[in-house]
Amino acid sequence: MKSLSQEWLAELNLSPLWRQRGVADEVVAPASLPATQNNHLQGVHNRGYLPHLKAEGGIYFLTFRLADSLPQSALDELERSAPETRSKQIETYLDAGHGECCLRKPEIAQIVIQALKQFEGERYVLHDWVVMPNHVHLVIEPRGAHALSDILHSLKFYTATEANRSLDRHGAFWQHESYDRLIRGQEEFDRCVQYVRQNPVRANLAEAPEQYAFGCAGYVAGRDAGATTGEVVAPASLPALTPDQIAQLDWPQLKQAAATCTACALHAQRTQAVFGVGDEQADWLFVGEAPGAEEDQQGEPFVGQAGKLLDNMLASIELKRGEKAYIANVVKCRPPDNRNPDAAEVLACAPYLDRQIALMQPKLIVALGKVAAVRLLGKDATIASLRGQVLDYHGTPLIITYHPAYLLRSLTDKARAWEDLCFARQTFRGLMNQANATI
């Protein structure tokens with residue numbers, strides 16, 4: 001007699017290619033299939049309510065929905081329906097927009113989108129995605145040791161917490177159960193991608209996928225004005241917070257606000273905001289100018305050759321990226337062609353850096369380059385005239401040195417930068433000695 005798991009495998013037409021985890025007799029895949037498919041290790045993962053077929057190296061069609069997305073009347077009807085028609089019925093109910101549809105709110109949809117983008121390329125590959133008013137579809141490929149269940153748990157936990165906080169509400173945000181289907185070939189992959197992409201059109205939310213801001217097609221089109229043929233149905237970004245509002249945010253809220261900020265024109269072309277990296281309780285704060293192309297792609301300040309040089313500079317004074325130091329920029333979005341940010345852009349982003357400093361309360365700030373120096377001092381001056389002094393940023397000691405990118409172009413100034421770092425280390429030790437003496 002077949003086990004229930006074996007019946008599921010047979011129903012999904014996966015024999016003889018697939019086998020269950022733990023089964024001793026391995027079934028050999030047909031030789032005509034690619035080697036990458038032959039190496040998949042399959043199994044049915046059952047959490048007690050719905051089966052989930054898992055594959056190492058697999059691509060999945062995944063759906064998860066809001067807790068109130070199906071009314072009780074719909075659930076009762078589904079109980080009476082034939083199993084083969086339930087998926088279609090659920091799709092119809094979801095697309096009809098039942099429940100509060102919190103994801104219709106731009107600020108809540110953006111929480112989900114930013115969470116999806118956070119680990120894209122690291123923990124998983126997103127082949128396509130869409131955030132509908134009351135559910136989310138993904139075509140997702142987990143990477144390395146990252147299991148689909150762990151990815152989904154982390155995603156739902158974080159977005160539920162942030163969304164409930166934003167909405168000032170409590171209780172379940174997502175339905176506990178989700179639906180995932182292992183994609184078993186190119187034809188099915190193409191069909192799933194097309195289904196996800198066309199979902200806003202089928203639900204009458206847009207005339208074309210590119211016009212729906214909360215889907216992959218519209219997200220890309222929103223960064224490329226020439227790609228859109230009509231008005232975007234939902235705003236792709238949020239109204240800017242006021243400086244007073246930003247000054248009240250904690251670290252998670254501040255990161256989210258920066259990620260969705262529209263206070264200046266730089267947001268329109270960013271891949272992602274580059275908030276900062278490091279120890280949020282660090283004594284040392286290093287402030288640069290603006291993200292470049294690599295930073296815009298990776299979401300971290302000072303990567304590439306300038307980043308390597310900065311890491312070496314930190315090591316020379318016994319610091320390390322992520323430990324005892326924090327790295328940020330004057331503006332969080334990349335200016336076009338890697339130009340310096342203009343005065344309006346610096347002013348628009350000022351509340352975010354000010355709040356980072358207020359939350360961190362560093363013992364010493366090191367400004368890297370003229371843009372950072374002018375921003376923190378509030379006056380124009382040359383680096384040469386500012387070096388070798390302990391200046392002041394609202395009561396916090398401030399030291400000025402050259403930007404690492406400038407040092408890559410002007411090797412003769414590396415010696416001066418080394419002098420500045422030694423001066424910074426000497427200043428910091430003096431501050432610590434003074435603080436210890438007053439205890």
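Mentor: Strand E3 (residues 60–65) pairs with strand E6 (residues 179–182) in the antiparallel sense, over 4 bridges; here strands (E, at least two residues) and helices (H or I, at least four) are DSSP runs numbered from the N terminus, and two strands pair if DSSP finds at least two bridges between them. Within this pairing, Tyr-60 has Leu-182 of E6 as its bridge partner. Before going further, note that this is a predicted model, in which local features need pLDDT of at least 70 and side-chain atom pairs count only at pLDDT 80 or more, while totals for chains, interfaces and linings use all residues. Residues are numbered from 1 along each chain as its sequence is written, and side-chain values use heavy atoms, with hydrogens and water left out.

E3 has another antiparallel partner in strand E5 (residues 135–142), to which 6 bridges join it, and in that pairing Phe-64 stands opposite Val-136. In a regular strand, side chains alternate between the two faces of the sheet. In E3, Tyr-60, Leu-62 and Phe-64 point one way, whereas Phe-61, Thr-63 and Arg-65 point the other way. Because 6 of the 6 residues of E3 are buried, the strand is largely enclosed by the rest of the structure; buried means under 20% relative accessible area, against over 50% for exposed and partly exposed in between, with a 1.4 Å probe and protein chains only.

Setting aside its neighbours within four places in sequence, Leu-376 is in contact, that is, has heavy atoms within 4.5 Å, with Val-287, Leu-353, Ile-357, Ile-365, Ala-367, Tyr-393 and Leu-398.

Glu-289 sits in the loop between strand E8 (284–288) and helix H11, and it counts as buried because its relative accessibility is 16%. Beyond four places in sequence, its contacts include Asn-329, Val-330, Asn-340, Pro-341, Leu-368, Lys-370 and His-403. The C-alpha atoms of Glu-289 and Phe-302, which are 13 residues apart along the chain, are separated by 9.9 Å.

Helix H11 (293–298) also belongs to the elements that give two or more residues to the lining of the second largest pocket, as do helix H5 (106–118), helix H8 (216–222), helix H10 (251–259) and strand E7 (277–278). Helix H6 (148–167) is listed there too, and H6 gives the most to this lining, with 6 residues. A pocket is an open set of points on a 1 Å grid over the protein atoms alone, where a 1.4 Å probe fits, with protein on both sides within 12 Å along at least five of seven lines, and lining residues have an atom within 4 Å of a point. The second largest pocket holds about 1100 Å³ of space, the volume being that filled by probe spheres set on points joined across faces, edges and corners. Of its 36 lining residues, Gln-114, Lys-117, Gln-118, Phe-119 and Gln-272 are the closest to its centre.
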